[in-house]
Amino acid sequence: MSLGGEHSGGFEDDRVLVAEYALGLLEGGERALMAHRIATEPALGAEMRVWRERLATLDGEFAETPAPAGAFGKIERRLWGEAARPAKWWNSLAVWRWATAATAAVAVLAVGFNVVTPRPDARALATQLVAALQANEGSGVEFVALYDQVSGQVRITSLSGEALAGKDYELWYIKGDAPAVSMGVLPINQKREIPLDAAAKAGIAAGTTLAVTLEQKGGSPTGVAQGPIVAVGKITPI
Amino acid sequence: MTNSSPEIAELISRCALRDRSAFRDLYGRTSAKLFGVVLRILKDRAEAEEALQEVYVKIWQRADRYVQGGYSPISWLVAVARNHALDILRARKPVSDDIDMALDIADGGPDPEQATIDKGERNRIDACLATLEDDKADCVRGAYLEGFSYEELATRHGVPLNTMRTWLRRSLLKLRECLSA
């Protein structure tokens, strides 16, 4: 595959530029331009891989040096410190109260057709939790999850995203500092009710994170997520 | 060694799932290496500590971009640290997001055998560097490991800047041929 098109010298020029970039020899605008070309031109990306893979074998020569005490605390504060996160519309309680009111109205209509009309259960409404799983890094995959603690079921609806051949989307919950726990594989473009086991019922509460990863067909075989996160969101009480 | 590739790869995955204890563990196992990288390139302890913090913030935020079975996980971490230190060195601030996008491209392709051939590659790059004249091989190593610019290399070797460029570009082409041979 030609890297530099037809003009003479282009191939070698580009090869040298990628090598210079990989070594860190380019500066300022040249460095930024080359980074852009490597990110957008597949042939240059492939050339970059060759250099990176080969040069990485020199990494052993970087001597380990204990990091300064207290550095990790500063990193944690940078990541999760007092700084308030910008509010997103799906974090707005008003939006979800409105959405639930609409759902409740539909539910009232639905039960109207039942022979036995259950009493409106204020407690059931009070214990509903929602999570909007927004697309991560432009994946285009979004879900909404609604958890009813009375029925012990999570109803998850896919809002957008495409099914990919040979792959499945897998849902996880992440509680505090514990590893993510799988809740199973999700269909795209449809609703799905997931009954929770006792451990999941105990684990899922306001503040728990739900995440969807892209895994091999049938989901991760190891019980540990292996693919990229395509959607993620926090559970909020309504 | 406790820093086996699969363990580090798993910790990065758990960071992608927002597991803070995994992040703490990853920091514990890799921060000495990454601090070594930024310190060697920046050559200033205070600046290196600042850079180290920024590097781990980046690792947490970009953990989902690491593809398992691709790049060896520690190489990916070193590349994030090295790129960040070079950004600081070259521009005193990150030039653009493209620097990080270029990193993704370099890591992204499926290359499951890569992690296992590191030892063979190590011998090959040593062998290929040995085909260059000593001072030119030193320049390549100095650029990669110390972050030296063309200008610094020219000063160190007592040659004009343009001579250094010509030298090194020729050497890089020769090295490239050897590496793919």
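The following legends describe close-up views of a predicted model of a complex containing chains A and B.

Figure 1. Chain A is built from seven helices and nine strands. Of its 238 residues, 32% count as buried. Among the contacts in chain A with a separation of 6 or more, 58% join residues 24 or more positions apart. For the complex, the predictor gives an ipTM of 0.83 and a pTM of 0.58.

**Figure 2. Strand S8 of chain A and its pairing with strand S7.** Strand S8 of chain A spans residues 229-234, and five of these six residues are buried, so the strand is largely enclosed by the rest of the structure. Strand S7 of chain A, residues 209-216, pairs with S8(A) in the antiparallel sense, over five bridges. Within this pairing, A:Leu210 has A:Gly233 of S8(A) as its bridge partner. In a regular strand, side chains alternate between the two faces of the sheet.

**Figure 3. The surroundings of A:Ala231.** A:Ala231 is part of strand S8 of chain A. Because 27 other C-beta atoms lie within 10 Å, A:Ala231 is buried. The C-alpha atom of A:Ala231 is separated by 6.0 Å from that of A:Glu142, although the two residues are 89 residues apart along the chain.

**Figure 4. The side of chain A that touches chain B.** The contact takes 56 residues from chain A and 60 residues from chain B. On the side of chain A, the elements that give two or more residues are helices H1 (10-23), H2 (28-40), H3 (42-55) and H4 (71-80), together with strands S4 (167-174) and S7. The largest share, eight residues, is that of H3(A). By class, this side of chain A has 31 nonpolar, nine polar and 16 charged residues.

Figure 5. Leaving aside residues up to four places away in sequence, A:Ala145 touches A:Val130, A:Ala131, A:Leu133, A:Val154, A:Ile156 and A:Leu210. In soluble globular proteins, nonpolar side chains tend to be buried together.

**Figure 6. Two loop residues of chain B with positive phi.** Most residues other than glycine have a negative phi. B:Arg18, which is not a glycine, has a positive phi of about 65 degrees. This residue is found in the loop between helix H1 (5-16) and H2 of chain B. B:Arg18 counts as buried because it has 20 C-beta neighbours inside 10 Å. B:Lys43, also not a glycine, has a positive phi of about 55 degrees. The place of B:Lys43 is the loop between H2 and helix H3 (45-62) of chain B. With 13 other C-beta atoms within 10 Å, B:Lys43 is partly exposed.

**Figure 7. Confidence along chain B.** Chain B averages a pLDDT of 82, and 77% of the residues score at least 70. Where pLDDT is low, the predicted coordinates should not be read in detail.

Key. Residues are numbered from 1 along each chain as its sequence is written. Chains are lettered from A and ligands numbered from 1 in the order in which they are written. This is a predicted model: local features need pLDDT of at least 70, side-chain atom pairs count only at pLDDT 80 or more; totals for chains, interfaces and linings use all residues. Helices (H or I, at least four residues) and strands (E, at least two) are DSSP runs, numbered from the N terminus. A residue is buried if 20 or more other C-beta atoms lie within 10 Å of its own, exposed if 12 or fewer, and partly exposed in between; C-beta atoms are placed from the backbone. Two residues are in contact if their C-beta atoms, placed from the backbone, lie within 7 Å. Two strands pair if DSSP finds at least two bridges between them. pLDDT is the predictor's confidence in each residue, from 0 to 100. Ala, Val, Leu, Ile, Met, Phe, Trp, Tyr, Cys and Pro count as nonpolar, Asp, Glu, Lys and Arg as charged, and the others, Gly among them, as polar.
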